[in-house]
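Please find below a colleague's note for a reader who is meeting this structure for the first time. The points are numbered so that each can be checked against the model in turn.

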Amino acid sequence: MGECRRGKGQQKTEGHLAQKSCELVADGGRRVCTRRIAGMKMLIKKTNREKEKLDTRSKSISRPWVDEDLRDGTDHHLEEEERYSEAEMIKRSRSFYELLNKRRSVRFLSDEPVPREVIDNVIRTAGTSPSGAHTEPWTFVVVQDPDLKHKIREIVEEEEEINYKKRMGDRWVNDLKRLRTNWIKEYLDTAPYLILIFKQVYGRLPNGKKKTHYYNEISVSIACGMLLAALQNAGLYTVTTTPLNCGPQLRALLQRPANEKLLLLLPVGYPKKDATVPALTRKPLEDIMVVM
């Protein structure tokens with residue numbers, strides 16, 4: 001029977017009792033207690049950890065959040081401040097609010113032509129939006145071809161009918177009744193332009209590896225807000241649409257890469273002469289702002 005020596009004067013434990021209290025292993029002809037081996041291993045690990053801590057402390061600490069460390073070769077220049085008088089600031093802010101407060105979602109758009117340069121300029125404006133780490137993770141697909149617009153309409157209406165009848169639920173459908181909207185999207189044919197906004201969930205580096213696009217959905221959403229403001233400023237009308245379950249089909253139709261996901265679809269144009277909008281009001285300032 002094996003045994004485990006526990007010090008001078010202690011009894012030897014034999015048989016199965018010895019196996020329960022201390023498993024024995026052979027090592028070069030001697031019997032060594034595995035408990036002692038485990039203890040030695042723990043001591044070695046502890047010593048190594050302490051050594052690693054000392055090595056880490058001795059190395060120079062990188063602090064990329066400190067200004068003097070943020071030097072990657074990108075040129076920086078002084079911001080040219082354009083400051084208005086308080087009276088001018090109040091006037092401009094009030095005028096801009098009044099302009100955007102006239103914005104309405106219009107579902108009845110005419111086929112009257114819109115200058116292409118205007119579309120270019122409003123998308124340029126959207127492209128000035130801030131983005132996470134300046135990754136600019138957006139793609140604006142402008143569709144003006146009638147056949148392509150009709151294919152988009154077919155895809156959207158097919159899915160929207162299922163949405164209204166099965167996916168959305170009674171409460172959602174009832175909430176939309178006052179807007180008098182359903183799965184029929186005539187404006188997808190009549191609007192002179194459709195702008196489909198895709199978010200790039202990641203990019204590609206020159207070597208082909210993935211490039212992280214931080215906060216890509218928030219960044220693109222901000223750009224969409226700026227696009228809506230630019231359209232209103234140009235005197236154009238739209239309705240924000242998020243075609244449920246249509247993204248993959250539309251991405252394939254428009255031949256967009258796998259890293260792009262559809263976020264928003266905007267039909268853009270002028271309203272029909274008999275176009276109507278629901279008489280809705282917006283929340284007052286005291287309901288949307290908290291000053292502390």
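The points below go from the chain as a whole to its sheet, its cores, a helix contact and a few loop residues.

1. Basis of the note. This is a predicted model, in which local features need pLDDT of at least 70 and side-chain atom pairs count only at pLDDT 80 or more, while totals for chains, interfaces and linings use all residues. Residues are numbered from 1 along each chain as its sequence is written, and side-chain values use heavy atoms, with hydrogens and water left out.

2. The chain as a whole. The protein chain holds 10 helices and seven strands, where helices (H or I, at least four residues) and strands (E, at least two) are DSSP runs numbered from the N terminus. Of its 292 residues, 29% are buried; buried means under 20% relative accessible area, exposed means over 50%, and partly exposed lies in between, with a 1.4 Å probe and protein chains only. Among the contacts with a separation of 6 or more, 74% are between residues 24 or more positions apart, a contact being heavy atoms within 4.5 Å.

3. Three strands form an open sheet in the order 3-4-7, with antiparallel pairing; two strands pair if DSSP finds at least two bridges between them. Strand 3 and strand 7 are the edge strands, each pairing on one side only. Neighbouring strands of this sheet are turned by 20° against each other on average, direction ignored. Helix 4 packs on the sheet and touches strand 3, strand 4 and strand 7, and its direction makes about 165° with that of strand 3. Axes here are lines fitted to C-alpha atoms, for helices over the stretch in contact, and angles run from 0 to 180 degrees between N-to-C directions.

4. Strand 4 and its partners. Strand 3 (residues 138–143) is joined to strand 4 by six bridges, and the bridge partner of Thr-139 in strand 4 is Phe-198. Eight bridges join strand 4 to strand 7 (residues 260–268); on that side Gln-200 has Glu-260 as its bridge partner, and Lys-199 stands opposite Lys-261. Eight of the eight residues of strand 4 (residues 193–200) are buried, so this strand is largely enclosed by the rest of the structure. Both of its faces are covered, with Tyr-193, Ile-195, Ile-197 and Lys-199 buried on one side and Leu-194, Leu-196, Phe-198 and Gln-200 buried on the other.

5. The nonpolar cores. In soluble globular proteins, nonpolar side chains tend to be buried together. A nonpolar core is a set of buried Ala, Val, Leu, Ile, Met, Phe, Trp, Tyr and Cys residues joined through side-chain atoms within 4.5 Å. The largest one has 22 residues, and those with the most contacts inside it include Ile-119, Phe-140, Ile-195 and Leu-227. Helix 4 (116–126), strand 3, strand 4, helix 8 and strand 7 each supply at least two residues of this core, and helix 8 gives the most, with seven residues. Leaving aside its neighbours within four places in sequence, Ile-119 is in contact with Val-114, Val-142, Tyr-193, Ile-195, Leu-236 and Val-268. A second, separate core of 19 residues includes Ile-155, Tyr-187, Leu-254 and Leu-265.

6. A helix contact. The axes of helix 3 (residues 86–101) and helix 8 (residues 216–233) come within 9 Å and cross at roughly 90°. That makes helix 3 roughly perpendicular to helix 8, a label for angles of 65 to 115 degrees. Phe-96, Leu-99 and Leu-100 of helix 3 make the contact with Ala-229, Gln-232 and Asn-233 of helix 8.

7. Most residues other than glycine have a negative phi, and most peptide bonds are trans. Ala-133, although not a glycine, has a positive phi of about 55°; it lies in the loop between helix 4 and strand 3 and counts as exposed at 60% relative accessibility. Glu-136 lies in the loop between helix 4 and strand 3, has a positive phi of about 50°, and is partly exposed with a relative accessible area of 34%. Val-277, in the loop between strand 7 and helix 10 (285–288), is 173 residues from Arg-104 in sequence and 7.2 Å from it in space, C-alpha to C-alpha.

Note on methods
Parallel < 35°, antiparallel > 145°, perpendicular 65-115°, else oblique.
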